Amino acid sequence: MASIFSQIVDGEIPARVVYEDETTMAFLDANPLAPGHTLVIPKAEHERLNDLPDDLASDLYDTLHRLIPVIEGAVDAPASNVAFNNGEAAGQEVPHVHGHIIPRFEDDGGNPIHAIAGSPPNLDDEELDDIAERISTDTRI
Ligand code: AMP
């Protein structure tokens with residue numbers, strides 16, 4: 001069964017499409033958190049960011065980069081949050097990569113991205129060193 005976003009790509013269900021090129025598409029979120037709340041997707045169906053082949057990841061970033069100022073300008077927003085729910089435990093409901101562009105306004109009552117974590121951990125120096133070491137090893141720095 002194709003994802004709901006693949007069905008939008010294929011024109012099987014309607015959406016307010018605001019941008020489309022060969023490999024990516026953007027449309028208004030059906031349940032906007034702010035005016036202009038837009039989803040940017042790769043047309044090909046991949047569940048998580050790291051499932052994307054490199055060239056498609058670049059295309060997706062290019063489209064985000066291009067649309068952010070256009071969307072902010074369209075709704076006269078001075079800022080935006082740009083975020084991916086990457087995996088079910090992170091709140092991803094639609095298993096087709098999508099970046100949210102959520103315009104933000106002075107005194108809109110919202111929160112910064114730091115509000116995502118339920119209860120931030122209290123990590124001591126040793127634990128932080130260990131985590132940094134493991135990440136550095138994995139990325140071969
Ligand atoms: P996420 O929790 O990151 O997977 O968010 C999925 C988003 O997709 C939600 O913000 C929904 O409002 C949005 N959404 C779901 N179905 C549609 C649809 N048919 N058209 C536009 N947006 C949708």
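This is a predicted model: local features need pLDDT of at least 70, side-chain atom pairs count only at pLDDT 80 or more; totals for chains, interfaces and linings use all residues.
Colleague: Which element gives the most to the lining of the second largest pocket?
Modeller: Two elements give two or more residues to this lining, namely strand 4 (79-83) and strand 5 (99-104). With four residues, the one that gives the most is strand 5.

Colleague: How many residues of the lining of the second largest pocket are charged?
Modeller: The lining of the second largest pocket can be split by class. Ten of its residues are nonpolar and six are polar, and the number that are charged is two.

Colleague: What volume does the largest pocket have?
Modeller: This is the pocket in which the ligand sits. The volume of the largest pocket is about 500 Å³.

Colleague: Which residues of the largest pocket are the closest to its centre, with the volume of that pocket in mind?
Modeller: The largest pocket, with its volume of about 500 Å³, is lined by 22 residues. The closest to its centre are F5, D29, A30, N31 and L39.

Colleague: Which element gives the most to the lining of the largest pocket?
Modeller: Strand 2 and helix 1 each supply at least two residues of that lining. The element that gives the most, with three residues, is helix 1.

Colleague: How many residues in the lining of the largest pocket are nonpolar?
Modeller: By class, this lining has seven polar and three charged residues. Its nonpolar residues number twelve.

Colleague: Which residues around the ligand come nearest?
Modeller: There are 16 residues around the ligand. The ones that come nearest are D29, N31, E93, H98 and H100.

Colleague: How far is a polar side-chain atom of N31 from an oxygen atom of the ligand?
Modeller: A polar contact needs two N or O atoms within 3.5 Å. In the side chain of N85, an N or O atom is 2.9 Å from an oxygen atom of the ligand, and for the side chain of H100 the value is 2.9 Å. For N31, the distance from a polar side-chain atom to an oxygen atom of the ligand is 2.7 Å.

Colleague: What percentage of the accessible area of the ligand does the protein cover?
Modeller: H100 has a side-chain N or O atom 2.9 Å from an oxygen atom of the ligand. On its own, the ligand has 510 Å² of accessible area, and the part of this that the protein covers is 83%.

Colleague: Which element gives the largest share of the shell around the ligand?
Modeller: The ligand sits in the largest pocket. Helix 1 (4-9) and strand 2 (24-28) are the elements that give two or more residues to the shell. The largest share, three residues, comes from helix 1.

Colleague: What pattern does the protein follow along the sequence?
Modeller: The protein has three helices and five strands. Read along the sequence, their pattern is α-β-β-β-α-β-β-α.

Definitions and conventions. Residues are numbered from 1 along each chain as its sequence is written. Side-chain values use heavy atoms; hydrogens and water are left out. A residue is near a molecule or strand if one of its heavy atoms lies within 4 Å of it. A polar contact is a pair of N or O atoms within 3.5 Å; within protein, one must be able to donate a hydrogen and the other to accept it, and residues adjacent in sequence count only if both atoms are side-chain atoms. Accessible areas come from the Shrake-Rupley method with a 1.4 Å probe; for residues, only the protein chains shown count as cover. On a 1 Å grid over the protein atoms alone, a cavity is a set of points where a 1.4 Å probe fits but cannot get out, and a pocket is an open set with protein on both sides within 12 Å along at least five of seven lines; lining residues have an atom within 4 Å of a point. A molecule sits in a cavity or pocket if more than half of its atoms lie within 2 Å of its grid points. Grid points are joined across faces, edges and corners, and a volume is the space filled by probe spheres set on the points. Ala, Val, Leu, Ile, Met, Phe, Trp, Tyr, Cys and Pro count as nonpolar, Asp, Glu, Lys and Arg as charged, and the others, Gly among them, as polar.
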